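Reader: I would like to see how the labels attached to this structure follow from their cut-offs. Please go through them one by one.

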Amino acid sequence: MKKQQFIVLLLCLTSLLISCKKAKTTEKIIGPDSLKFESNILTPEKLWYLGRISEMQISPNKDKLLFGVTWYDWHENKGNRELYIINLNDKKRQKITSTPKSEYNARWRPDGQKIGYLYPDDNGEMQLFEMNIDGSKIVQISYIKGGINGFEYAPDQKHIAFFKDVKIIPDPQDIYPDLPKANARIYEDLLPRHWDQWVKSFSHLFIANYAEKIDTIGQDVMEHQTYECPLYPFAGNEQINWHPNGNQIAFTAKAMMGRDYALSTNSDIYIYDLLKNKLINLTEGMLGYDQNPVFSPDGKKIAWESMEREGYESDRIRPFIYDFTKDTMWEAVMDYETHATNLKWSTDGNFLHFISPWHGTQQIYLVDIYQKKPIAITSGTHNYNDFLISKQGIIGIKQSMSKPDEIYMIDPLNGKESEISFINKYWLDQLKMGEVRPYWINTVDKKKMLVWVIYPPNFDSTKKYPAILYCEGGPQSMVGQFWSYRWNFQLMAANGYIVVAPNRRGLPGFGMEWLEQISGDYSGLNIQDYLTAIDTFATAPYVDKDALGAVGASYGGYSVYYLAGVHNKRFKAFIAHSGMFNLESQYLETDEYWFVNWDLGGPYWDKNNKIAQRSYANSPHRLVDKWDTPILVMHGENDFRISYTQGLQAFQAARLRNIPAKLVVFPDENHWILKPQNGILWQREFFGWLDKYLKKT
């Protein structure tokens, strides 16, 4: 290890060691001299020592990499994100910030002399700050009332684009000024709640002149419009892109509100011309998601991600290209059976790089924009989730079921990879991971299904182990080589469980027919896929067939609730997190109606809709009379995608039937569990429940 890297690591470890003394923990750090874990077995507490890499940015001359790492102190129940730079020529890493609060949205200034980033000012509002590339001479640049949510420099450094919330829903005091103490939410249309918040504002895109002090909001590109950019809740800066000349900006927007917004996925690519003050809709008439535009290096073309069908959020993601000089548009990859995302142009503009899921992994691909036949650059048992193009090759963020995100340099000619970040090496070297094996098994209709099986560390084939069936959520999200800080397969294996994780029907990466089977048929072949997977591996001599559990979240939670009524005594314990239990109430409790309309077939009151009626007839709440197995229910109270009342109904149904059950509700969490101590509590309840019913004393 380089001296500089060691010093940075030692500082991080020392900080963590000090925090360990503040509270009792089941995990000990031996030190201070050795700074070692007490054992090499992964635990919930150890997960929170790992740094989480995010948001790579390449320098203007392509020789330095800027990125952030979030470090958590679970005793203090908070995290802090710091910025790092890797010199791509000698691979040396430097930490350039060490501050009490997190830096976000870090960007190289186009001249390469400064780094801009978002940081809270003295009022707690997020503003643009700049510093030298070594972290020195920090200066506040923006003074915009209310703060900003994200920004991008124009390539010519004359302007800056930023996001800011614009109020769209009046407060009671706006309507009734004589009631200053009234406390109410008043809505006249759909989507009063979205993901985890009551809707009061939309994010708009603004353009301002770049200066040493920016105190004006400049031009609201969406002024007097009901547009939203970026799309809440998951989108960010990838939804805007400057033209190389700095005179135009492309962005994703959804020009809808209320009922229309809740029913449609129709977003478009807009281009705003700063000189002409003109806005055009490039994808007018294209009805699905169109988003994440990227101009070619010469500015003559633009590429973006496009879905064809309105209302289908899991439709195939197609890379589209528009040529401004020829006024022509085409799909860049033809006869392709999976998604193409994270589009990046080659330096000559003749190729597109992208990420695709295939057979339980995510790889980086390359396509000649005119030949339309992609070529895989990477291969292996991993997921690439992001990448950039540098002078030295491709730089990607890679993870697997056995290793969290790290940054790799990739040779585009042969796909050879070499790690360059080593953020978590010190901790990972102290841990022993279980083996991950892929199996292709036969389904009930004689198709092949990929199942990942994760074995405990120090696995002994002469012993018998309890096993967990993992039910994936989404429902259209692949069981790939992901590393999770909640649904962590290695943590399950470290607790002595064999994990069976099938890529059942309804997941991408196995062709569109496999993906689309699940829509309108939640209780069909995909449920049989689950049962086939657990039945297949329950016969293994090292699996205790009398100690099987099933766990899952979201659609995986639906799966658990449904399996509880049809499993025929296969399982001895169930765990459902944020699951759909009563589909009729779910239809009227959720936020984005395009999802339930597509996946469930429509509203339950449409008696002539056979697909919808089949969905509601197979709602898990109709099977409670057949429940006979202990169940743990967990839910976030701020989950507006699947309301916590779904979990409450399931728990109370189980107890009314005198079935052992437990309810864990997190008042300050949404569809996910994000806070450190909540996450550890979640894990302790998770394994406490499984151990109680699956491990023999």
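**Labels and their cut-offs**

Author: Y370 counts as partly exposed, at 47% relative accessibility. The model is a predicted one.

Reader: Why is Y370 called partly exposed?

Author: Buried means under 20% and exposed over 50%. The value for Y370 is 47%, so Y370 is partly exposed.

Reader: How do you know whether W330 is buried or exposed?

Author: The relative accessible area of W330 is 14%. The limit for buried is under 20%, so W330 is buried.

Reader: How many aromatic pairs are there, by the rule on ring centres?

Author: The count comes to 59 aromatic pairs.

Reader: What makes the pair of W330 and Y370 stacked?

Author: The ring centres are 5.7 Å apart and the planes stand at 25°. Rings pair with centres within 6.5 Å, and planes under 30 degrees apart count as stacked, so this pair is stacked. W330 lies in strand β24, while Y370 is in the loop between β27 (361–368) and β28 (374–376), so the pair ties together parts 40 residues apart in sequence.

Reader: Why is the pair of F482 and F489 called tilted?

Author: Its centre-to-centre distance is 5.2 Å and the angle between the planes is 50°. Under 30 degrees would be stacked and over 60 edge-to-face, so the pair is tilted. F482 is buried, with a relative accessible area of 18%, and F489 is buried at 2%. Both F482 and F489 belong to a cluster linked by ring pairs, whose members also include Y470, W487 and W682.

Reader: What makes β21 and β24 edge strands?

Author: The open sheet has 4 strands in the order β21-β22-β23-β24, with antiparallel pairing. β21 (290–295) and β24 (328–331) each have a single partner strand, so one side of each has no neighbour in the sheet. The twist from one strand to the next averages 25°.

Reader: How do you know that β23 and β24 pair?

Author: Strand β23 (residues 318–323) is joined to β24 by 4 bridges. At least two bridges are needed, so the two strands pair. The bridge partner of D323 is T328 in β24.

Terms used
Residues numbered from 1 in each chain as written. Predicted model: local features only at pLDDT ≥ 70, side-chain atom pairs only at ≥ 80, totals over all residues. Heavy atoms only, no water. Axes fitted to C-alpha atoms, helices over the stretch in contact; angles between N-to-C directions. Phe/Tyr/Trp six-rings, centres within 6.5 Å; stacked < 30°, edge-to-face > 60°. Buried < 20%, exposed > 50% of the residue type's maximum accessible area, 1.4 Å probe, protein only.
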